[in-house]
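Here are my comments on the model you sent. They are set out as numbered points, with the overall fold before the details.

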Amino acid sequence: MKRTKFIQKSTYPGGSQALKDFIKHNLTYPEEAKKKGIEGDVIVKFKVESNGNISSLKVINGIGYGCDEEAIRIVKKLKYPKSTNRKIRVATYKKLKIKFQLPQKQQIKINYEIVT
């Protein structure tokens, strides 16, 4: 017997890889966090309305130093498609983990030879 889910949850256009790419290209590392060397994950909970708009943003787990605000800014820019389930407008809740990781500094290798 085939089982079907009644409610289709809204999904980001292009799937999870497209969502990761969007975050990667739009994330601006906060200066205060850079100066303090802050890294970590910010978890944001939000609601995707039936018209695709984002609402009810809330930071569940934050790390401060401007990272929480940047995570909220990124989530506000997300665009989901309009969704209806059997002609019923349904809003869905989502959680998103945004990773803040400082770029690794490249080590410079110097090759030298002592000639006497």
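This is a predicted model: local features need pLDDT of at least 70, side-chain atom pairs count only at pLDDT 80 or more; totals for chains, interfaces and linings use all residues.

1. Of the chain's 116 residues, 32% count as buried.

2. Next, the fold. The chain has three helices and five strands. Their order along the sequence is α-α-β-β-α-β-β-β. Take the contacts in the chain with a separation of 6 or more: residues 24 or more positions apart account for 72% of them.

3. Aromatic pairs deserve a look. The whole structure holds four of them. One is Tyr 12 with Phe 22: the ring centres are 6.2 Å apart and the planes meet at 50°, so this pair is tilted. Tyr 12 sits in the segment before helix H1 (15-26) and Phe 22 in H1 itself, so the pair ties together parts that are ten residues apart in sequence. Both residues, Tyr 12 and Phe 22, are buried.

4. A second pair spans a longer stretch of sequence. What is the geometry of Tyr 29 and Phe 100? Their ring centres are 5.7 Å apart with the planes at 80°, so the pair is edge-to-face. The cut-off for that label is over 60 degrees. Tyr 29 belongs to the loop between H1 and helix H2 (31-36), while Phe 100 belongs to strand E5 (residues 92-100), so this pair ties together parts 71 residues apart in sequence. Tyr 29 and Phe 100 are both buried.

5. Two further ring features. Tyr 12, Phe 22, Phe 46 and Tyr 80 are linked by ring pairs into a cluster. Separately, Lys 45 lies over the face of Tyr 93, 5.5 Å from the ring centre.

6. Which residues line the largest pocket? The lining consists of Ser 16, Leu 19, Lys 20, Ile 23, Lys 24, Leu 27, Asp 41, Leu 96, Lys 97, Ile 98 and Lys 99. H1 and E5 are the elements that give two or more residues to this lining. H1 gives the most, with five residues. The space in the pocket is about 290 Å³.

7. Lys 20 is in helix H1. Its relative accessibility is 53%, so Lys 20 counts as exposed. Another lining residue, Ile 98, is 78 residues away from Lys 20 along the chain, yet their C-alpha atoms are separated by 9.0 Å.

8. Please check the backbone at two places. Most residues other than glycine have a negative phi. Ser 56 has a positive phi, near 50°. Ser 56 lies in strand E2 and, at 48% relative accessibility, counts as partly exposed. Tyr 65 also has a positive value, with phi near 60°. Tyr 65 is in the loop between E2 and H3. With a relative accessible area of 35%, Tyr 65 is partly exposed.

9. Gly 66 is in the loop between strand E2 (54-61) and helix H3 (67-77). Is Gly 66 buried or partly exposed? The relative accessibility is 24%, so Gly 66 counts as partly exposed; the cut-off for buried is under 20%. Gly 66 and Lys 34 are 32 residues apart in sequence, and their C-alpha atoms are 9.9 Å apart in space.

10. Finally, Ser 50. Where does Ser 50 lie? Its place is the loop between strand E1 (40-48) and E2. The relative accessibility of Ser 50 is 16%, so Ser 50 counts as buried. Neighbours within four places in sequence aside, Ser 50 is in contact with Lys 82, Ser 83, Arg 89, Val 90 and Ala 91. Ser 50 and Asn 85 are 35 residues apart in sequence and 9.3 Å apart in space, C-alpha to C-alpha.

Definitions and conventions: Residues are numbered from 1 along each chain as its sequence is written. Side-chain values use heavy atoms; hydrogens and water are left out. Helices (H or I, at least four residues) and strands (E, at least two) are DSSP runs, numbered from the N terminus. Buried means under 20% relative accessible area, exposed over 50%, partly exposed in between (1.4 Å probe, protein chains only). Contact means heavy atoms within 4.5 Å. Rings of Phe, Tyr and Trp (its six-membered ring) pair if their centres lie within 6.5 Å; planes under 30 degrees apart count as stacked, over 60 as edge-to-face and the rest as tilted. A charge sits over a ring if NZ of Lys or CZ of Arg is within 6 Å of the ring centre and within 35 degrees of the ring normal. On a 1 Å grid over the protein atoms alone, a cavity is a set of points where a 1.4 Å probe fits but cannot get out, and a pocket is an open set with protein on both sides within 12 Å along at least five of seven lines; lining residues have an atom within 4 Å of a point. Grid points are joined across faces, edges and corners, and a volume is the space filled by probe spheres set on the points.
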